[in-house]
Amino acid sequence: MVRISGLASGMDIDSLVENLMKAERAPLDKLTQQKQKYEWQRDDFREIRTMMFNFNNSIFDNILKQSTYTQKKVNVSDPDLISVRNVNSTSDFSGTITVNSLATSSSVVGGTIGTSIDSSKKVSEIFTDVKGSQSIKVKAITADGKLEEKEVKFDADKDSLDDVVKKVNQETGATMFVDSKTGKVSLTSKNTGTTREGTTDVDLSLTGILFEKLKVADNVTDTETKRTAGTNASFTFNGIETTRTSNTFQINGFEITLKEGKPGKSVTFSSSTDVDAVVDKIVKFVDEYNKLVEKVNGKVTEKRYRDFQPLTAEQKADMKDKEIELWEEKAKSGMLYGDSILSSSLTEMRTNLYSPVSGLTGMNQLSEIGITTTANYLDGGKLTIDEDKLRAAIEKDPNAVYSIFANDGDTTAEKGLGRRLRDTLKNTMEKIDEKAGKATSVNNTFTLGKLLDNVDKSIDSLQDRLKDIESRYYRQFSAMETAIQRANQQSAYLSQFFSS
């Protein structure tokens, strides 16, 4: 449609239509503002959900694992001879160890094949009578002290000796080495110890034609071939002489590593609870809980400024960046004011922590280990820690402290405080998902998303209507311009007629 812009009337038609459309667009601006509010509300919910998700994981990692409370400091009289590390012992331990001898590995060193050997060559090039598909077998001791046989297959015409060495090292319980300078080969068990204690038999069996050529096979009688039997670690523990196939082993939930054998040299060790490590975990839990409470409590009590509506594009165009920032700070405020989901969650979390754990003997609530709520009611139930009391409780009975947080049970009353909190967080996050969805959610799967879709539909419909209205205004002004132009033409004609 051709628009006539005030040529006849002298009026600024575009400005007139623009001003008329401002009034018509008022409902559209309200819809756009409402959409922005829904988006802000959705984003606020998702931000809190992320905090809850992270806190939920932190509860599991920091206070629900028994290993948090079984951390031990171990003192060893001679760290050069042994090291001791707690694995899963819940009680303190102590003892005396005398290391008589260390565990060693079985090994076989072959006789000289030649003055040198090029292991990068194909096997069939090194040994001309070894061709095509071949296999060798390696039987070696395992970490649990048993013998295990593995077969290695190779193609002598395609694989180099280096390729075979790599396969042996990857697929068997032995480490193979070819020394190109001396022309000798060795194999050593990856694990120490022997299944034939008290004998000179080697727990490393090698069979196959290639091993025969390399002079390490079981049936090779070359005088240069040397076989060394593995030995078990021999030590005396608290007066009992015993052995192990490995220099690292566990006794009663703690791990001992023998470093050097010195018969007659006794090493003492003892453990105590690593109070600092346990306190650090509990302090981290309290800090993250307080941050979550502060965030949620802040959102549900945040003041709502109803006079500060989201800015339209036109309003922003007339404002400075700082003015926009300050305005939107107030416009975004109070999006979750008084929200029932979050308010209920806060109440439930406080109840989770204040109620004693049913069924526990001795300590059964936070106040007994030095954790209480702050005196300021405006904090919304934040926690504070008496570290001296907490340390004393951990030193006295770390398992009791663990039970307060992690006790399992069929009912909420029987569950530890950490498990209760996780149940509450899970329930809250599910409700938030129903209302605000996740970043990957489709709008029609959650409440605010459906509202946003409805607003978008209304906006699209109203924009179509506004286009029609704008076109109607231009048609009306065009008609007026045409009428004025005709009147002007008639006036000019009459004026000309009468003057003549």
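Visitor: In which loop is the place of asparagine 364?

Guide: This is a predicted model, in which local features need pLDDT of at least 70 and side-chain atom pairs count only at pLDDT 80 or more, while totals for chains, interfaces and linings use all residues. Residues are numbered from 1 along each chain as its sequence is written, and side-chain values use heavy atoms, with hydrogens and water left out. Helices (H or I, at least four residues) and strands (E, at least two) are DSSP runs, numbered from the N terminus. Asparagine 364 is placed in the loop between helix H10 (340-354) and strand S16 (371-373).

Visitor: Is asparagine 364 buried or exposed, and which residues does asparagine 364 touch?

Guide: Buried means under 20% relative accessible area, exposed over 50%, and partly exposed in between (1.4 Å probe, protein chains only). Asparagine 364 has a relative accessible area of 19%, so this residue counts as buried. Contact means heavy atoms within 4.5 Å. Leaving aside residues up to four places away in sequence, asparagine 364 touches Pro356, Val357 and Ile404.

Visitor: Which residues of helix H12 are buried?

Guide: Helix H12 (residues 398-406) is largely enclosed by the rest of the structure, because eight of its nine residues are buried. The buried residues pack against helix H3 (66-69), strand S15 (266-273), H7, S16, helix H11 (387-396) and helix H13 (417-436). These buried residues of H12 are Pro398, Ala400, Val401, Tyr402, Ser403, Ile404, Phe405 and Ala406.

Visitor: How do H7 and H10 run relative to each other?

Guide: Axes are lines fitted to C-alpha atoms, for helices over the stretch in contact, and angles run from 0 to 180 degrees between N-to-C directions. Helix H7 (residues 275-301) packs with H10 at an angle of about 150°, and their axes are 10 Å apart. Angles under 35 degrees count as roughly parallel, over 145 as roughly antiparallel, 65 to 115 as roughly perpendicular and the rest as oblique. Therefore H7 and H10 are roughly antiparallel.

Visitor: How do the residues of the contact of H7 with H10 divide?

Guide: H7 contributes Phe285, Tyr289, Leu292, Val293, Val296, Asn297 and Val300, while H10 contributes Leu342, Ser343, Leu346, Met349, Arg350 and Leu353. Ala, Val, Leu, Ile, Met, Phe, Trp, Tyr, Cys and Pro count as nonpolar, Asp, Glu, Lys and Arg as charged, and the others, Gly among them, as polar. The residues of this contact divide into 10 nonpolar, two polar and one charged.

Visitor: What is the order of the open sheet of three strands, and which are its edge strands?

Guide: Two strands pair if DSSP finds at least two bridges between them. The open sheet has the order S6-S5-S9, with antiparallel pairing. Each edge strand pairs on one side only, and these strands are S6 (147-155) and S9 (204-207).

Visitor: How many bridges join S5 to S6, and which residue is the bridge partner of valine 138?

Guide: Strand S5 (residues 133-141) and S6 run antiparallel and are joined by nine bridges. They form a hairpin with five residues between them, and glycine 145 in the turn has a positive phi of about 80°. Lysine 137 has glutamate 151 of S6 as its bridge partner. For valine 138, the partner in S6 is lysine 150.

Visitor: Which residue of S9 is the bridge partner of lysine 139?

Guide: S5 and S9 are paired in the antiparallel sense over four bridges. In S9, lysine 139 has as its bridge partner serine 205.

Visitor: What is the phi of asparagine 252?

Guide: Most residues other than glycine have a negative phi. Asparagine 252 lies in the loop between strand S13 (248-251) and strand S14 (254-258), and its relative accessibility is 65%, so this residue counts as exposed. S13 and S14 form a hairpin with two residues between the strands. Although asparagine 252 is not a glycine, its phi is positive, at about 55°.

Visitor: Which residues of S13 point to one face and are buried?

Guide: The side chains alternate along S13.
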